[in-house]
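User: I have a model open and want to learn how to read it. Please take me through it feature by feature.

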Amino acid sequence: MAIMAFTHFRRMKLTQFKTRDADRQRLGVLLGDVVCDVAELARASRTDGASIADWLVDVDTTLAVIDRGAEGLQELKSLLTAHGGTHRSSVAGFNIEEIEFLPAVYPSKILAIGRNYADHALEGGGEPPKAPLIFAKLTNALSAHNAPIVLPTVSETIDWEAELAVVIGRRAKAVKKADALNHVFGYTLMNDVTARDLQRKDGQWTRGKGLDTFAPLGPFITTRDEIVDVQNLRVEGLYNGKVTQASNTSKMIFSIAYLISYISQGITLEPGDIISSGTPEGVGFFRDPPVLLQPGDVCEVRVENLGSLRNPVVAP
């Protein structure tokens with residue numbers, strides 16, 4: 001832990017975390033190279049004379065920010081501005097290596113998109129879909145940056161999928177494509193871990209995609225206003241430090257705006273909900289020979305301007 005004065009923030013990146021010596025959940029904001037507890041920052045700024053919104057002094061979840069919409073985000077930005085102006089109390093900043101990350105948000109539902117990159121559809125022997133293939137990732141699968149992917153006893157063919165994930169910011173019901181991105185709070189990273197044998201044997205994807213620890217999410221949510229063009233971001237998947245997936249969101253078959261509009265015609269999207277937008281080609285199962293996750297392996301997802309999501313693999 002470092003005691004620091006305000007550090008200029010380049011992008012608004014929010015996270016949920018715990019310190020190693022305490023159980024309580026905290027809301028964090030990335031300031032420079034450290035993560036600061038937002039509530040502690042708010043209390044320090046108020047003590048120093050700044051006018052701070054009441055909800056910020058005890059906030060501990062990203063969903064609390066998301067639920068307050070544009071007003072809440074502006075109040076959070078005002079806190080950072082106030083602390084960087086005439087109010088300069090020292091606050092506790094935690095080095096990233098010192099904290100335990102939690103999932104970037106706890107959503108009411110996680111919807112994922114299959115085969116949304118043509119080359120991934122082709123590497124699996126299928127044709128690119130004519131409409132989005134939507135499936136659910138169960139919330140029990142949620143995991144976090146640096147948390148282990150636990151290999152299950154019910155499958156021996158576990159694969160990784162690097163994906164950009166969308167965090168919904170306000171309720172979306174039957175929205176038009178042109179308005180869809182206005183319903184986004186921000187973006188994060190997901191590894192759509194998959195049991196390929198269960199996916200094929202079951203005839204549907206719920207179990208193969210929904211096992212415990214199969215949805216690492218985070219570490220940070222980058223707010224929508226910080227991303228100029230979500231359809232022009234480099235996406236990479238790494239296996240034991242080697243880049244195995246390398247593409248760009250411009251190669252999606254169905255854009256983020258289209259997916260939000262399409263899904264919302266029949267499924268209401270609520271604040272905090274996640275849409276994981278599909279993976280590019282290069283996953284392990286379709287390699288020759290196949291590469292499957294084993295204890296001791298490390299998976300990493302990288303998305304341009306969003307950061308890196310890293311997870312070790314462990315035995316059951």
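User: In which strand is the place of Gln16?

Analyst: Two notes before that. This is a predicted model, where local features need pLDDT of at least 70, side-chain atom pairs count only at pLDDT 80 or more, and totals for chains, interfaces and linings use all residues. Residues are numbered from 1 along each chain as its sequence is written, and side-chain values use heavy atoms, with hydrogens and water left out. Helices (H or I, at least four residues) and strands (E, at least two) are DSSP runs, numbered from the N terminus. Gln16 sits in strand β2, residues 13–19.

User: Is Gln16 buried or exposed?

Analyst: Use the cut-offs. Buried means under 20% relative accessible area, exposed over 50%, and partly exposed in between, with a 1.4 Å probe and protein chains only. Gln16 has a relative accessible area of 1%, so it is buried.

User: Which backbone atoms lie by polar atoms of the Gln16 side chain?

Analyst: Look for polar contacts. A polar contact is a pair of N or O atoms within 3.5 Å; within protein, one must be able to donate a hydrogen and the other to accept it, and residues adjacent in sequence count only if both atoms are side-chain atoms. The backbone nitrogen of Thr62 is 3.1 Å from a polar atom of the Gln16 side chain. The backbone oxygen of Pro103 is 2.8 Å from a polar atom of that side chain. Contact is a separate term: heavy atoms within 4.5 Å. Leaving out residues up to four places away in sequence, Gln16 touches Thr61, Leu63, Phe101 and Tyr106, among others.

User: Now strands. How many residues of β7 are buried?

Analyst: Five of the five, residues 110–114, so β7 is largely enclosed by the rest of the structure. Check each face. Ile110, Ala112 and Gly114 are buried on one side, and Leu111 and Ile113 on the other.

User: Which strands does β7 pair with?

Analyst: Count bridges. Two strands pair if DSSP finds at least two bridges between them. β7 has five bridges to β8 (residues 133–137), and the two run antiparallel. β7 also has three bridges to β19 (residues 274–276), this time parallel. Ile110 shows both pairings: its bridge partner in β8 is Lys137, and in β19 it is Ile274.

User: What is the strand order in the five-stranded open sheet?

Analyst: The order is β10-β21-β20-β17-β18, with mixed pairing. β10 (149–150) and β18 (242–248) are the edges, each with a single partner strand, so one side of each has no neighbour in the sheet. Within this sheet, β20 (residues 298–303) and β21 (residues 307–314) run antiparallel, joined by six bridges. Glu300 has Arg310 as its bridge partner in β21.

User: Which residues of helix α1 are buried?

Analyst: Start with the general idea. An α-helix has 3.6 residues a turn, so residues three or four places apart point the same way. In α1 (residues 38–47), the buried residues include Val38, Leu41, Ala42 and Ser45. Now the N-terminal end: Asp37 caps it, with a side-chain oxygen 2.9 Å from the backbone nitrogen of Ala39. Gly49 follows α1 and has a positive phi, near 105°.

User: How many salt bridges does the structure hold?

Analyst: Side chains of opposite charge can pair when their charged atoms come close. A salt bridge is a side-chain nitrogen of Lys or Arg within 4 Å of a carboxyl oxygen of Asp or Glu. The structure holds 17. One of them joins Arg24 and Asp37, at 3.7 Å, N to O. Arg24 is in the loop between β2 and β3 (26–31) and Asp37 is in strand β4 (residues 34–37), 13 residues apart. Arg24 is partly exposed at 40%, whereas Asp37 is buried at 3%.

User: What separates Lys209 and Glu161 in sequence?

Analyst: Their side chains meet in a salt bridge at 3.3 Å, N to O. Lys209 lies in helix α7 (residues 206–210) and Glu161 in the loop between β11 (158–159) and β12 (162–168), so the pair ties together parts 48 residues apart in sequence. Lys209 and Glu161 are both buried.

User: Last one. How many disulfides are there?

Analyst: A disulfide is a pair of cysteine sulfur atoms within 2.5 Å. The search of the whole structure finds zero. Cys36 is buried at 0% relative accessibility, and Cys299 is buried at 1%.
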